[in-house]
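Work through the exercises below with the coordinates open, and try each task before reading its solution.

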Amino acid sequence: MLDLIQYGLAGLTMGFSALTVHNVIMILTGCALLYLGIKKDYEPLLLLPIGFGAILVNIPLSGLMAEGGLLREFYNFGVITEIFPCLIFIGIGAMTDFAPLLENPSILMLGAAGQFGIFLTLLLALGMGFSLLDSVAIGIIGACDGPTSIYVTSKFAPHLLGAVSVAAYSYMALVPLIQPPIMRLLTTEREKRIKMEYPEKSVSRSLKILFPIAVTIVTCLIAPMGTPLMGMLMLGNLMKESGVVSRLTKASENEIANAVTLLLGLSIGATMEGAAFLKPQTLLILGLGLLAICLDTVTGVLFGKLMCLLTKGKVNPLVGAAGISAYPMAARVVQTEGRRYDTNNWLLMHAMGANTGGQIGSIMAAAIMLSVLKGMGLG
Amino acid sequence: MDNLTKGLVLTVIGMGGTLLSLWLLTLIIQVLKKFFPYSEAEEKSGKEVV
């Protein structure tokens, strides 16, 4: 009898006795992510479930990531199969308005320049001794695009998924802090004050409908491995612009996006198990991810300066910083910076154009990497 | 081919490919704008002319 009571009580202390220092650190990390999401409003939709997932998976003996465990099932169903990032893209497509980009198509080039940080970081990671596929996963943080980062990482380096996704989403939220100093450093007073003209309304409804179809066909033929991402983004946008499936559009941007965001966040948090996450390489990945976004901003602004030169001062180089995928944060940063130097300078619509170009550019960069690696026999 | 060489190839094709693809898209948008110009009538009717 006494033995039974003793064993019974031991069952209640097992969790405490199995708790490791790694678990405690990761539980605190999870709490820090919750703090950033709840108190600081940094990407709360993702950081809250990721933070809570990190806490759950670090509770010893919970079995959540064991075979058949709840979070393992979410992870296997949505992340390993890449279903979650693709579904998120339908929602993003349904929420994105490409009209500012269509008004001024040349701004799309800034969306390409804003991806160069991905490739430069890839080279740096290789130089630091990471394998090629790990370097690709680290470089893709520079896409500043959560679903794309998760898609590429789950394909090539699933063991880095926790670090890469946390870096991607955290830095996306920190864009308003990361970008301005670089933008100020790389532009002159005169460039900062350049006002960009607003073209007359020139985007027809037909064009808005044909755009996602044309983008899908062209980009997916160039880099077929990116079809799931680009296809879903453009499907979402086509549903929105066609106006004939409003129920599906609303479901995509609300119910589907919300449910998938919750499950995706929990699944990512579940990859942050202490023993696997707390390694020196995680810190390196976080550092390289930050560098990737800084390099994106540098190349975007420098390309903006080139466009400014070629157009004889018609493009404000600050808009180049919006050529990343963090939508609409990067565009807002450009608007704020522009008005800092001239309160009558309204760059928002141009920045929105570059920002949506960055969304297309980040998927295109990832798609090209996937296709080139496939061509090399590595995909 | 070592990893660094593969990485360099990936970087060159990746940056060049992204730039060229997006440039191609700007051309396509320009062409589409020519064939499907903005018109008040279409906006009012709410029907696409495709």
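Predicted model: local features only at pLDDT ≥ 70, side-chain atom pairs only at ≥ 80, totals over all residues.

**Exercise 1.** Determine how helix H3 and helix H16 of chain A are oriented to each other, and describe their contact.

Solution. Begin with the geometry: H3 (residues 44–57) and H16 (residues 246–269) of chain A pack at an angle of about 40°, and their axes are 7 Å apart. Angles under 35 degrees would count as roughly parallel and 65 to 115 as roughly perpendicular, and H3(A) and H16(A) are therefore oblique to each other. The crossing in which H3(A) passes H16(A) is right-handed. The residues that make the contact include A:Leu45, A:Phe52 and A:Val57 of H3(A), together with A:Leu262, A:Leu266 and A:Ile268, among others, of H16(A). Sorted by class, this contact has 11 nonpolar and five polar residues, with no charged ones.

**Exercise 2.** Classify the orientation of H9(A) relative to H10(A).

Solution. H9 (residues 132–139) and H10 (residues 146–156) of chain A pack at an angle of about 170°, with their axes 9 Å apart. Since angles over 145 degrees count as roughly antiparallel, H9(A) is roughly antiparallel to H10(A). On the H9(A) side A:Leu133, A:Val136 and A:Ala137 take part, meeting A:Val152, A:Thr153 and A:Phe156 in H10(A); by class, five residues are nonpolar, one is polar and none is charged.

**Exercise 3.** Is A:Asp41 buried or exposed?

Solution. First locate A:Asp41, which is in the loop between helix H2 (21–38) and H3 of chain A. A:Asp41 has 10 C-beta neighbours inside 10 Å and therefore counts as exposed, the limit being 12 or fewer.

Notes
Residues numbered from 1 in each chain as written. Chains lettered and ligands numbered in written order. Axes fitted to C-alpha atoms, helices over the stretch in contact; angles between N-to-C directions. Helix = DSSP H or I, 4+ residues; strand = E, 2+ residues; numbered from the N terminus. Left-handed = near helix turned anticlockwise from the far one by under 90°. Contact = placed C-beta atoms within 7 Å. Nonpolar A, V, L, I, M, F, W, Y, C, P; charged D, E, K, R; others polar. Buried ≥ 20, exposed ≤ 12 C-beta atoms within 10 Å, placed from the backbone.
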